[in-house]
Amino acid sequence: MSIRKEVTLSLVSRRPAGLFAAGLVAVLVAGLVAACGSGSTASPTVGAPTPLRVGLGYIPSVQFAQFYLADQAGYYREAGLEVTFENKSDPDLVTLVGQGVVDIGIADGTSLIPAVSQGIPVRYVATIYADFPSIVFAKASSGITGPADLKGRKLGIPGKYGSSWIMLQALLASVGLTPADLELVEFPKYGQDVAVREGVVDAATGFVNNEPVQLELSGEKVVVLTVDAITPLPGPGLITGEATLAGPKKAALKAFVAATLRAMKEIAADPLKGWDAAVAVVPELASDRETQLAVLNATVDAWQSSYTDANGWGAVDEGAWTESIDFMSGLPDSPVAKPVTVDQLVSKELLP
Amino acid sequence: MSLTQAQAPKAARARRLDPAPVLLGAVIFVVAWQALVWIGGYEPWLLPGPLVVGQRFVDAWLDGTIAPHATATLLEIVLGFTVGAGLALLVGMLLARSHFAERLLSPYLVAAQATPILAIAPLIALWFGTGLLSKVLICALIVFFPVAIATMVGIRSVDKRLVEMARAFRATRSQLVRQVEIPAALPAILGGMRVGVTLAVIGAIIGEWAGGERGLGVLINLARGSLFDTPLLFATLATIALIGIVLYLVVVAVERRMVGARG
């Protein structure tokens, strides 16, 4: 899944005394905003639908077809929900969910581990991507067939952060390599697909349902290196805040998860249902039907794994989470500030 | 008892250097911030108090988290400001002397200033890479406009009688510029530089957001998007603010040395 980050900052610097005054105003405003947003636990009126604010990824996309279908097919409405979608970047979404401003949303599992270690009260409640979607891809003509072949190669990456950075370190560690054994080229604005296509780099990190799909459609044979068999990192899934989970919206959240999983199953059986739902939300997708449909099919493939086949859609593999915590905690410059346990990260209360 | 003429400037200077108002402002700011955290009961991940941020600030400087990023950002600011302000001085003088040049260039200067640098920065990173050059260019771009306009206004505001007097003494064109126009326009030019140097700080951060491995903008992204370390985010913002304040005071000190205190 392509999750982009965008941040803005405005600095007001005049005279020193003016800066203090500006800072004071900023802190007061931040506090007021935080205070206004800290209580989204309105109890539903009997008979009235329960409003749910749902956070999706940074931009509307075919990758969120299951949410669009559940909404348009009336599954949320049938469950007594009034759902509002909001597109947010991953870091924003995690903190907004922790704060209770957004009730539930889809976020990277690898983001949750450092977030919870910093005290942000969020829980992973259902798996959406059963396979870890962040991968390394290369042209087949590059001669790269496994992680060991990356030694000494040029590899494109958005930056030394986030799920792709964690995945790359896991992939390299499996063959005794570290990022220092490669030449890393940073593409903060996600231009890795073009860089691989044009031969600027030998390989790049990407998402299994995005860059390699598009490269293959351009007629290039592609090699994809996945991390699932090496370190089962948790992929993007549904997260909610601890306070929201314990509050009056718990039943509504459970209904939301069930309706979303229902839509996922329907799309897996008939991807065109998901396609139609996505085009209804993002009409621009229709102008590139072949590519976007291929992206959707690759997305559906990533929703399922042997674990979810055995345990049901949305199932959370606690053993895999434990391995991920251990791996991420042991990394040099680990993003995990304080020890965390699976119980602090995961809740199965909302699964069907 | 009224002050004598000799005592008055000393008293004014003492008032300017008196740190009490600055300290008072800082104390009020910190107390209000801490009170807000206590009253709101905010967790550090949402709104850390000044004590938590202060501790993180010290720790991050001592363990080497901030220093390499701050050094990178400072270098970008200094180079970007030097390039941007230097070019702006030349162009500002040209605009002041030639109405044709002003009519020719002004629309482009204004358009460049009105276009959000946040939108241009990724393009600059695309064309010039994500190294030092692109950051220096972004800083220079953002510094250019205020300094160029201040220079143009400053030189056009030079007392015409001074210019006529210099000509009467048969001053050459070079002498006129160096010994009359620039000294007389310095207050306005340095006023533009006061604005420019704080904008240079913003330019460096935006340049780092467009790509790069080092810099306080990169650290903001790491603290916010990867580590979820809000106290580190605040400590980084405090470092940026401090750099801005110090650079601003450097320009003020230069201004006082070259043209004397204003009021």
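What follows covers chain A overall, then the cores, then one serine.

This is a predicted model, where local features need pLDDT of at least 70, side-chain atom pairs count only at pLDDT 80 or more, and totals for chains, interfaces and linings use all residues. Residues are numbered from 1 along each chain as its sequence is written, chains are lettered from A and ligands numbered from 1 in the order written, and side-chain values use heavy atoms, without hydrogens or water.

Chain A has 15 helices and ten strands, taken as DSSP runs (H or I, at least four residues; E, at least two) numbered from the N terminus. Of its 352 residues, 54% count as buried, meaning under 20% relative accessible area with a 1.4 Å probe, protein chains only.

Now the cores. A nonpolar core is a set of buried Ala, Val, Leu, Ile, Met, Phe, Trp, Tyr and Cys residues joined through side-chain atoms within 4.5 Å. The largest has 96 residues, and F256(A) and W321(A) are among those with the most contacts inside it. Helix α10 (residues 250–269) of chain A gives the largest share, nine residues. Domain 1 (16–131 + 234–345) and domain 2 (134–225) of chain A both contribute, so this core lies between them; the bounds come from an automatic or database domain assignment.

Last, S111(A), in helix α5 (residues 109–117) of chain A. Is S111(A) buried or exposed? Its relative accessible area is 9%, so S111(A) is buried.

Terms used. Buried < 20%, exposed > 50% of the residue type's maximum accessible area, 1.4 Å probe, protein only.
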